[in-house]
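Please open the model in your viewer and keep the sequence panel beside it. The stops below are meant to be selected one after another.

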Amino acid sequence: MLSRKAKGLFIEVGEFSVQVAKTTSLTAPLAVESVDSFPLDSAWERLSRLTGEMSGTGSGGKLIQAHCAVYPPSRFVRRHTVESAAKAKDPAYLGKVLSQQFKVDTAKNVAAVLNAVDGSEFTLERSIAQQKELLFAGALKAEFEGLQVSLTDADVYPVSLQLGTLSVLGGISDYIASKQITDPVLVLEMSMGQTCTYIVSRNMVELTRPLSKGLGTIVPRIQEELGLKDEASAKKLFFSNTFDFTEMGPALLQGLLKELQAAIGFFEVQTGMTIGHIHLGSLPENLSWIPSVMSKSLGLRLLRTDYGEWLPGYSVQPQDSVLDQTRDHASWFGLFSMMGAFNSKDNGSKKK
């Protein structure tokens with residue numbers, strides 16, 4: 001049974017935490033009343049408690065409608081340029097690109113094909129010339145279904161279940177356009193098993209590349225650098241707030257930094273563009289040393305996000321207490337990016 005209360009809820013389910021925003025509505029215009037972050041080990045219990053409070057039942061019984069963004073471990077976002085309009089009009093073309101070029105099992109995965117310029121869905125009713133730059137995005141059906149079950153078990157009714165990566169990429173493109181930032185941004189999603197790498201300009205998603213090195217590769221290096229007895233001890237220290245890894249950060253991230261430097265160099269030589277900023281929004285607060293180390297090591301500026309200036313252009317107004325809590329914290333960008341509609345270009349002017 002759906003709760004009749006009109007309040008809105010936005011939920012982002014990441015690898016390390018679940019972030020939530022309570023709003024006055026599910027659609028703009030809306031005000032963001034509060035935000036919270038739940039560590040993953042207690043997230044579903046705390047989310048269930050929150051929905052119970054919102055419905056007035058205490059716990060269980062009524063579902064709270066929410067827009068939800070998720071990051072399934074199998075997620076993929078791949079860039080593709082259409083070489084021939086005639087080929088693209090073949091009904092089997094997109095499926096072949098997905099299965100043959102990107103090695104994605106179309107029977108086990110759910111996927112969408114989007115315009116890399118404006119995020120609109122690819123359609124044969126539109127000129128192929130306007131849709132030459134594409135993104136193939138999706139994940140395993142089973143993982144989407146599992147996350148949906150977890151949400152409904154916490155008394156959440158997903159009005160939408162989005163791939164969080166796409167919201168972030170659309171938001172980054174829009175944000176840098178609104179701030180008149182002309183250089184592309186390196187966007188990283190770091191998980192334990194991999195690092196998803198994107199280069200985003202104010203015009204489009206320019207590059208996507210998965211790297212096999214993730215946060216998991218840091219743990220054995222911590223063990224080695226500090227002389228710890230086993231990887232379990234190193235992992236516990238890595239995720240604690242008791243040790244500052246900033247000084248040894250370049251050594252811990254050495255392998256990933258080399259791969260990123262190679263990818264950046266290749267992109268800049270191929271396009272003639274110079275990457276100016278870096279954005280890492282998927283990390284827990286206790287790993288905040290990683291963005292600063294990467295920024296310094298790669299010679300890129302951290303992308304500072306002014307939510308109070310950006311979001312009102314979409315009739316989204318965070319309350320002062322929310323702005324104080326989230327100011328300059330990139331970890332909230334994904335949650336806020338769900339609240340805007342970034343599927344049309346306006347040459348950097350804010351939408352009213």
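This is a predicted model: local features need pLDDT of at least 70, side-chain atom pairs count only at pLDDT 80 or more; totals for chains, interfaces and linings use all residues.

Residues are numbered from 1 along each chain as its sequence is written, and side-chain values use heavy atoms, with hydrogens and water left out.

**Confidence**

Colour the protein by pLDDT, the predictor's confidence in each residue on a scale from 0 to 100; the mean is 91, and 94% of the residues reach 70 or more. Next select residues 344-352, where the pLDDT is below 50, and where the model has 20 contacts beyond near neighbours in sequence, a contact being heavy atoms within 4.5 Å.

**The sheet**

Now select the strands S5, S7 and S6, which in that order form an open sheet of 3 strands with antiparallel pairing; strands are DSSP runs of E with at least two residues, numbered from the N terminus, and two of them pair if DSSP finds at least two bridges between them. Strand S5 (76-81) and strand S6 (109-115) stand at the edges with a single partner strand each, so one side of each has no neighbour in the sheet.

**Arginine 79**

Stay in strand S5 and select arginine 79, which is buried at a relative accessible area of 17%, where buried means under 20% (1.4 Å probe, protein chains only). A polar atom of the arginine 79 side chain lies 2.6 Å from the backbone oxygen of valine 205, and the side chain also reaches the backbone oxygen of glutamate 206 at 3.5 Å. Leaving aside neighbours within four places in sequence, the residues in contact with arginine 79 include Phe102, Leu135 and Met204.

**Aspartate 118**

Where does aspartate 118 sit? Aspartate 118 is in the loop between S6 and S7, and at 12% relative accessibility this residue counts as buried. Show its side chain, which makes a polar contact of 2.7 Å with the side chain of serine 120 and another of 3.4 Å with that of arginine 126; a polar contact is a pair of N or O atoms within 3.5 Å, one able to donate a hydrogen and the other to accept it, and residues adjacent in sequence count only if both atoms are side-chain atoms. Finally, draw a distance from the C-alpha atom of aspartate 118 to that of serine 99, 19 residues apart along the chain, and you will find a separation of 24 Å.

Key. Helices (H or I, at least four residues) and strands (E, at least two) are DSSP runs, numbered from the N terminus. Buried means under 20% relative accessible area, exposed over 50%, partly exposed in between (1.4 Å probe, protein chains only).
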